[in-house]
Amino acid sequence: VSVAVVGGGIIGLSIAWRLVERGVGDVTVFDDGVDGAWKVAAGMLAPGGEAAFETPALVRLMSSSAQRWPSFAASLGVGVGYDEAGTLSLAVTADDVASASREWDSPVLRPSQLRELEPALSPRVRAGVHLPTDRQVDPRRVVAALRSRLDDRVVAKRVSTLDQLDASTVVVAAGCGTAALTGLPVRPVKGQVLRLRGEPGLIRHVLEATVDGRSVYLVPRADGEIVVGATQEERSDWTVTAGGVYDLLRAAIELVPDLAECALAETLVGHRPGTPDNAPLLGTLRDGVVVAAGHFRNGVLLAPITADLIADLVISGVADPLLNDVAPGRFA
Ligand SMILES: Cc1cc2nc3c(=O)[nH]c(=O)nc-3n(C[C@H](O)[C@H](O)[C@H](O)COP(=O)(O)OP(=O)(O)OC[C@H]3O[C@@H](n4cnc5c(N)ncnc54)[C@H](O)[C@@H]3O)c2cc1C
């Protein structure tokens, strides 16, 4: 077998690496060098997700992938920032508590208990829960580790048509670029994200919150970086807007007032590869062409299971039952 993977984002690289590990020698990844969603992604690994966005097939994939993350991270062999402190889901106003508590099914913690876990929290935070299995990883470190493992198998090249590739199997893992290559319904969903830099340890957990009706999350890395995200807009432009930054910073500083002292290190836009039902497109498209795209809000979480299932499919030709409800042709 020879395999050409189109797209060197977190999904394409994970698949390529799994194929190589499983003994497929002839694997080439083509990447056009445009930063994919992985560069912007916060790296929350939240298998519980948000019920409103997820179908049962997607929930199964998410929980199975979350279980695979510890060994996936360990096998990358370098620090990829996989962190098990878990997430605090928080609410600030009485209305925020009312809406957030519909999603909470663990014991609700009082403000004093929350501040014991997370001393920098604002006294305005009224309630929250600890979600120990909602973890995080640093997607930039994951991609760097995968790239260095795949080394000269990654070729800097834009693929404009699948016919130009000379391989027995082509895997299309091009994120938002998948639509142009296959005609499949993958659309860009814009997200603005900020990176702050402060004292390491200022925040200990991933924090996700509703602050005066607005959703915000803070993902603290061990080196003092704090990712603040994210807007969700049905747009494909790359503009960082004043309103986007204002909303994110206002909510973040309401939640953790000391963030006002941090450096604003980066403002970035990324595009989530969305699909009509928010579940990815995984499986055989036609003879010799396999698709692994459309991971929307959860591509980092779903990288390990996507790599395992797609490598199995390429090597054995047999689709795992987990792929039944996420076939790429389901919208035809
Ligand atoms: C703001 C934001 C926050 C997010 N937060 C999280 C999170 O906390 N947790 C989580 O699990 N997920 C998160 N995501 C989602 C996650 O980033 C994506 O689902 C994931 O990156 C998809 O991976 P991918 O490899 O399919 O696509 P990408 O990461 O977009 O990579 C696609 C790659 O393919 C290349 N490419 C495209 N077309 C071509 C072509 N024709 N030829 C050659 N190369 C091509 C691109 O240059 C790119 O390198 C977030 C996304 C955004 C935008």
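The points below concern a predicted model and take up a pair of packed helices, the cysteines and one threonine.

1. Two packed helices are described by the angle between their axes and the distance between the axes. In this model, helix H1, which covers residues 10-21, packs with helix H8, which covers residues 303-316, at an angle of about 50 degrees, and their axes lie 8 Å apart. That angle makes H1 oblique to H8, and the crossing of the two helices is right-handed.

2. Which residues of H1 meet H8? On the H1 side they are Ile-10, Ile-11, Ser-14, Ile-15, Arg-18 and Leu-19, while on the H8 side the partners are Ala-303, Thr-306, Ala-307, Asp-308, Ile-310, Ala-311, Val-314 and Ile-315.

3. A disulfide is a covalent bond between the sulfur atoms of two cysteines. The structure holds zero disulfides. As for individual cysteines, Cys-176 has a relative accessible area of 29% and is therefore partly exposed, whereas Cys-262 is buried, because its relative accessible area of 15% falls under the 20% cut-off.

4. Is Thr-210 buried or exposed? Thr-210, which belongs to strand E10 (residues 206-211), is buried, with a relative accessible area of 15%. Once its neighbours within four places in sequence are left aside, Thr-210 is in contact with Leu-90, Ala-91, Val-92, Asp-96, Ser-99 and Ala-100. A further distance can be checked in the structure: the C-alpha atoms of Thr-210 and Ala-251 are separated by 8.3 Å, although the two residues stand 41 residues apart along the chain.

Definitions and conventions. Residues numbered from 1 in each chain as written. Predicted model: local features only at pLDDT ≥ 70, side-chain atom pairs only at ≥ 80, totals over all residues. Heavy atoms only, no water. Axes fitted to C-alpha atoms, helices over the stretch in contact; angles between N-to-C directions. Helix = DSSP H or I, 4+ residues; strand = E, 2+ residues; numbered from the N terminus. Parallel < 35°, antiparallel > 145°, perpendicular 65-115°, else oblique. Left-handed = near helix turned anticlockwise from the far one by under 90°. Contact = heavy atoms within 4.5 Å. Disulfide = S-S within 2.5 Å. Buried < 20%, exposed > 50% of the residue type's maximum accessible area, 1.4 Å probe, protein only.
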